[in-house]
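Here's a quick briefing to read alongside the model. Have the sequence and the 3D view open as you go.

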Amino acid sequence: MKPSDIAILIVDDEASIRNALTQWFEMDGYRVSSAEDANSALMKLQNGPWDIVMLDIKMPGIDGLELQRRIKKIDKDIITIIMTAFASVDTSIQGLKEGAFDYIVKPVDPDDMSHLIRNAVEQRRLYYENLKLKQHIEGFSLSDEINGESPAMKKVIEKIAEVSQTESTVIIKGENGTGKELIARAIHSNSNRRYFPMVTLNCGTYSEGLLESELFGHEKGAFPGALYRRQGRLEMADKGTLFLDEIGQIGEKMQKDLLRLIETRCFTRLGGDREIDVNFRIICATTHDLESAVQAGTFRKDLYYRLNVVTINVPPLRERKLDIPAIARAFIKRFAQAMNKNVIDITNDTLDHLLAYDWPGNVRELRNVIERAMVIAKGNLIELTDLSFFFPSAQTPADDSILSLEEVEKNHIQKVLELTHGNIVQAAGILKVSRLTLYNKIKKYKLKTFKGDMEA
Amino acid sequence: MAYIYILPIETGSTYWMEPLEKSIQRAFGYPIKKISRDISLEKAFDIKRSQYNSSQILLQIIHDPPKDAAKVLGIVNTDLFIPILTFVFGEAQLKGPGSLVSLHRLNNKFYGLPENGALLTERLIKESIHELGHNFGLVHCHDPKCVMRSSTYVEDIDSKSHDLCQRCRNTFIHEKRKA
């Protein structure tokens, strides 16, 4: 923030004070204006944004304290600094109580004045920074993993933006690893519920009884082993979002309970008799074809219609290969930071290999591959060789030419002879052959025995 | 040709004049002329504060300046103040015709230390260039060595150099061209 970004208004009935302060602050590069009384100050305050107002406490007409009250009504965040000619502690304390940043007794030491203004400017800078961060949080934002240049993904992103602003139940359909939970999180964090939790429950990992207890919680003694009262995920998600992953895997009883929950918005803990109201939004995800399950009679039709208000189909990675370079680069950036490595990009031929692959494990698989490659990578680019664990056939051939078995044998015996400094007994021991065999091999390959001669 | 005029006002000895002239000329590229005029310090004296109102002295300095004056720099040896502050080392108007510097608080004697003519000259040079810098449109600078850095203590003056930093120099050149 430059000094010229800060606007200071000086309100004092004494022209010499106004001029001196105006000049003093102008020298520091601030934008300065002055007013001789409260009325003209209020006029100026209506006309433009001000950061700091320095006001004299004793002025004809409206006094400094009253002016401060009116300023705070216009903009409670404006910094006000009270100036007084007398060390009137009472009025100054009153001013501070009513929101003044500080007060000065005229005349003030130049150094104190510099510090005071520096602190006020710093406070204002923090205010602007806070405002900017809030705007950033409140604006539509997506995780870098939801990267979409492909038309299919652009549609998904549009839908996220659309449903975020509603309270509708959403079903996210997609293969494993397509980032269904990330999409649920994006909907949650762009909704009005973003300041409350998003609670995830993976329905596929619990038995029916356990799932019920996880979701609704239980009272003490509800079942053998229920030693304490436990809050369910549903209660934790109050005012927030409940994300039910693998919804297609819940059993008949749970389907019934869930339907009742969606209709009544209240539930009782297992073993309890008190109805608890909750304010939640459901987002669920499935890899299963729920329509077929409905037709087969394994998933309740009424629940399906309740859940299926908005559907988001997340395309598998093979259907949006256009996004692979951007997703890979986003992972590189993230892992480079996490691993403190200076890897900045990926080579084109490596990208070609990534694009040619079908990614059955989708984005999750791509993420794992990039993470492993990042561990291996030595330079600042991910090379094809860094992905040799994934594309073994794509390894660049070694520089050595392919040797015949005889050549390999000859080289190996020579190496052992070098190691043993020509000691035949030792070399034969290492090679696990008889001395005679070794002599024959030395003769055959005309090997050097390190005794200054070539054995004939 | 335009000159920077230096106007000593009841300062007594002016042994610092020659190095001051050279330094100002080097800093801003204007030739220097000395001037002598009747300036009433009594008029600026504030009996309650036992100090001199610097703005009132400055008004007299810039009243009817010589035709060939680029800027006028007044030098006094009295304790200066502006109404809101307890004291000032000097005063200048931003992009204005003149400025004022006082030797009073630049002198070691004020702090109970033995007098040091060379140090006083050095401080006077820095403060004069600083105030004239404001006259040429320069605002306070954050560079710790730049002469345009704001000084509220005499130690602050000692820690900076008497040169403009590159950024302030560029601004000065730009402002000079505009003028």
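In what sense do strand E6 (residues 170-173) of chain A and E14(A) pair, and over how many bridges? They run parallel, with four bridges between E6(A) and E14(A). Strands pair here if DSSP finds at least two bridges between them, and helices (H or I, at least four residues) and strands (E, at least two) are DSSP runs numbered from the N terminus.

This is a predicted model: local features need pLDDT of at least 70, side-chain atom pairs count only at pLDDT 80 or more, and totals for chains, interfaces and linings use all residues. Residues are numbered from 1 along each chain as its sequence is written, while chains are lettered from A and ligands numbered from 1 in the order in which they are written.

**The sheet**
- E6 and E14 belong to an open, parallel sheet of five strands in chain A, ordered E7-E10-E13-E6-E14.
- Its edges are E7 (198-202) and E14 (310-313) of chain A, each pairing on one side only.

**The cores**
- A nonpolar core is a set of buried Ala, Val, Leu, Ile, Met, Phe, Trp, Tyr and Cys residues joined through C-beta atoms within 7 Å; buried means 20 or more other C-beta atoms within 10 Å of a residue's own, with C-beta atoms placed from the backbone.
- The largest core has 80 residues, and those with the most contacts inside it include A:Ile8, A:Val11 and B:Leu73.
- Helix H1 (residues 15-27) of chain A gives this core its largest share, six residues.
- Another core, of 40 residues, lies apart from it, and A:Ile171 is among its members, as is A:Cys203.

Methods:
Buried ≥ 20, exposed ≤ 12 C-beta atoms within 10 Å, placed from the backbone.
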